[in-house]
Amino acid sequence: MSSEEYKLLDTIASPRELKKLSAEELRLYCDELRRYIIDECSVNPGHLASSLGAVELAAALHYVFETPEDKIVWDVGHQTYAHKIITGRREAFRTKRRLDGISGFPRMSESEYDAFGGGHASVSISAAFGMAKAAELRSEKRQVVAVIGDGSMTGGLAFEGLNNAGASKRTNLLVILNDNNMAIDQATGALKNYLLKISTSVHYNRFKQRLWGVLSHTPWLLRLCQKAGNAVKQGLLNKSNLFESLNFRYFGPVDGHNLKELVRTLRALRDIEGPKLLHVMTVKGKGYLPAEHNQSVWHAPGCFNPDTGERISAPADAARYQDVFGETLLELARRDARVVGVTPAMPTGCSMNILLREMPERCFDVGIAEGHAVTFSAGLAAAGMVPFCNIYSTFMQRAYDNVIHDVAIQGLPVVMCLDRGGLVGEDGVTHHGVFDMAAFGAVPGLTVGAPMNEPELRNMMYTALQAGAPFMIRYPRGCGEGLPWRGVPFEALPVGRGRRLRDGRDVALVTVGTVGNAAARAAERAAVQGIGAAHYDLRWVKPLDEALLDEVGRKFRRVITVEDGCLRGGVGEAVAAYFNARGYGAHVTSLGIGDAWVEHGTPAQLYTLCGYDEEAIFRALTQA
Ligand SMILES: Cc1ncc(C[n+]2csc(CCOP(=O)(O)OP(=O)(O)O)c2C)c(N)n1
Ligand SMILES: CC(=O)[C@@H](O)[C@H](O)COP(=O)(O)O
Ligand SMILES: [Mg+2]
């Protein structure tokens with residue numbers, strides 16, 4: 001697409017200018033926005049389908065509301081590409097998710113139009129309600145809007161927000177439920193069925209459309225429509241409205257791609273006080289057929305040819321860790337009837353869809369509900385099952401108390417698999433899984449393992465199944481080392497026992513997890529320079545292998561620890577504390593993530609920045 005074809009995009013650089021467009025021009029502007037997002041994402045990938053589905057919504061919101069004084073809080077924030085471009089970041093959009101470029105998510109530090117940061121789901125209603133309450137307390141006349149997807153609405157936090165806000169009659173809060181019947185995978189659960197029922201009731205919708213067409217041009221008439229519509233709906237569906245029951249005025253559903261309808265409705269809603277919810281129906285991937293037809297794949301498709309829809313990916317010479325997990329889980333489930341899978345809305349992301357396809361009755365996608373996923377797993381375990389509950393490390397932060405209170409204190413045999421442990425790359429600061437080892441290393445009775453490669457992940461899962469106790473396994477995003485694992489006979493690993501991978505006299509490397517592979521290469525290179533580095537793989541964050549540490553402490557004056565996580569409370573700190581307690585005089589240098597936020601970039605760039613890539617380990621080994 002040549003820049004000439006972006007006539008409106010070229011001239012509109014702010015919401016103020018957007019407001020000058022006529023209704024027809026606004027439509028054309030949205031078409032250009034959509035094309036620009038597709039073109040840019042084809043070469044600089046990101047969250048495409050959700051953003052395509054929210055183009056009209058973003059444009060209508062900035063067209064109607066007085067941003068940045070009025071606040072828009074985007075839930076998760078992966079649907080905000082149109083919002084970013086409208087709010088003056090068209091050129092910067094080319095740098096999104098790249099090192100030193102703009103974030104793929106809203107960031108308060110990035111723009112005054114990003115009213116609240118995002119990345120994790122279900123926060124928008126609570127945050128927006130807080131802002132609305134503050135405005136009320138300070139007598140500021142301002143609109144606060146939370147835009148939340150149907151997937152994110154399944155999170156408990158969203159309901160906590162609704163429950164709290166619904167009791168505050170005068171607080172000006174508009175929740176927009178962006179309903180596309182999808183999370184990353186198919187939406188699941190009772191809420192999905194409820195929303196489907198509301199949005200597909202043919203009689204109600206026909207009635208409502210006629211009524212709104214005639215009456216919905218002014219707020220008081222809109223309120224009348226809402227009352228009449230909801231009464232009719234209640235009759236037709238034989239159910240009261242969930243949101244109305246929580247004291248939200250419910251409006252909709254409206255077509256989220258019909259700009260005229262959206263603008264008209266938002267204008268009318270602007271003047272209605274109190275908590276209100278607008279139900280907007282959208283299509284994930286709207287306007288790009290490949291994405292509309294395979295919404296899950298196009299959630300974050302990587303690079304692609306915009307003309308043909310062909311996805312472009314570099315050939316991989318090793319399996320992804322998530323697939324090692326997914327295939328192994330199925331294998332274990334085939335062997336042992338107690339094995340079940342639990343995922344909070346990430347069956348494709350963690351490859352539990354492999355189990356889901358073959359044994360749907362033993363695989364549970366519980367919605368975007370990490371806390372529930374862990375406690376539900378604890379319940380399953382208490383009743384004799386062995387749940388493998390897979391949660392991305394960063395999202396597991398949501399379930400810290402569930403792990404402690406429901407699993408660990410009760411000693412229940414839940415196997416918690418933390419995918420995306422360590423730096424994840426382009427998703428950036430909200431998504432790096434860097435706190436897990438420090439956080440969960442502190443929990444008594446919990447075994448925490450970090451495999452170094454594919455066969456170890458597989459064997460750790462096998463070991464966990466037999467453990468009969470709380471067990472956690474953390475492994476990174478991306479591909480393994482290319483070692484054979486498929487079909488290789490299972491081997492139980494001794495819990496709490498690491499291994500010496502290499503002998504050496506000068507310095508000891510102590511690593512945990514997959515960073516051990518870069519460390520092994522660095523040790524190899526150091527040997528060429530005449531430096532003998534011994535290499536120990538701890539394998540377990542908890543319990544620490546004290547016998548191994550005794551060997552290291554007795555033999556070496558210099559020890560370098562490497563971990564793909566935060567140093568505060570991490571493995572290096574634990575090793576140093578152990579040496580101290582035992583009176584070993586070794587000098588410990590710990591490589592890992594310091595006390596600072598790590599932004600977005602490729603994983604390789606970030607390892608370098610954080611100082612624990614192969615080169616940095618090599619430097620540490622060869623420094624006098
Ligand atoms: C707490 C948390 N868990 C999981 C995720 C991963 N995640 C990102 S987007 C998404 C689906 C969101 O669905 P929805 O809100 O309906 O947005 P849509 O993509 O359909 O527009 C999930 C599960 C997350 N970001 N945060
Ligand atoms: C928005 C969000 O939280 C997810 O889409 C996340 O970006 C998935 O990351 P992976 O690509 O690692 O599955
Ligand atoms: Mg959705």
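1. The residues around ligand 1 split by class into nine nonpolar, nine polar and four charged. Here Ala, Val, Leu, Ile, Met, Phe, Trp, Tyr, Cys and Pro count as nonpolar, Asp, Glu, Lys and Arg as charged, and the others, Gly among them, as polar. The shell has 22 residues, and S50, A121, G149, G151 and S152 come nearest; a residue is near a molecule if its C-beta atom, placed from the backbone, lies within 6 Å of it. Domain 1 (3-299) and domain 2 (321-474) each give at least three residues to this shell.

2. A word on ground rules: this is a predicted model, where local features need pLDDT of at least 70 and side-chain atom pairs count only at pLDDT 80 or more, while totals for chains, interfaces and linings use all residues. Residues are numbered from 1 along each chain as its sequence is written, and chains are lettered from A and ligands numbered from 1 in the order in which they are written.

3. UniProt, in an unreviewed entry, marks D150 and N180 as "binding site". UniProt positions follow the numbering used here, feature names are shortened, and annotations may be inferred rather than shown by experiment. The two span 31 residues in sequence, yet no two of their C-alpha atoms are more than 6.8 Å apart, so they gather at one spot.

4. Where does D150 sit? D150 is in the loop between β2 (144-149) and α8 (156-166); helices (H or I, at least four residues) and strands (E, at least two) are DSSP runs, numbered from the N terminus. D150 is buried, because 23 other C-beta atoms lie within 10 Å. The cut-offs: buried takes 20 or more other C-beta atoms within 10 Å of a residue's own, exposed 12 or fewer, and partly exposed is in between, with C-beta atoms placed from the backbone. Not counting residues up to four places away in sequence, D150 touches L177, D179, N180, N181, A187, K192 and L195. Contact means that the C-beta atoms of two residues, placed from the backbone, lie within 7 Å.

5. N180 belongs to the loop between β3 (173-179) and α9 (190-200). N180 counts as buried too, with 23 C-beta neighbours inside 10 Å. Leaving aside neighbours within four places in sequence, its contacts are G53, D150, T282, V283 and K284.

6. There's another UniProt "binding site" listing (unreviewed entry): H78, G119, H120, A121, G151, S152, N180, Y288 and E370. These are spread over 293 residues of sequence and also spread in space, up to 31.6 Å between C-alpha atoms. Take H120, in the loop between α6 (81-86) and α7 (124-137). H120 is buried, with 22 C-beta neighbours inside 10 Å, and touches F395 and T430, not counting residues up to four places away in sequence.

7. On to the overall layout: there are three domains, domain 1 (3-299), domain 2 (321-474) and domain 3 (499-622). These bounds come from an automatic or database domain assignment.

8. Last, helix α23 (residues 546-555): L548, L549, V552 and G553 are buried. They cover an arc of only 130° around the axis, so they lie on the same side of α23; the arc is that of the directions from the helix axis to the C-beta atoms. A547 and R554, on the other side, are exposed.
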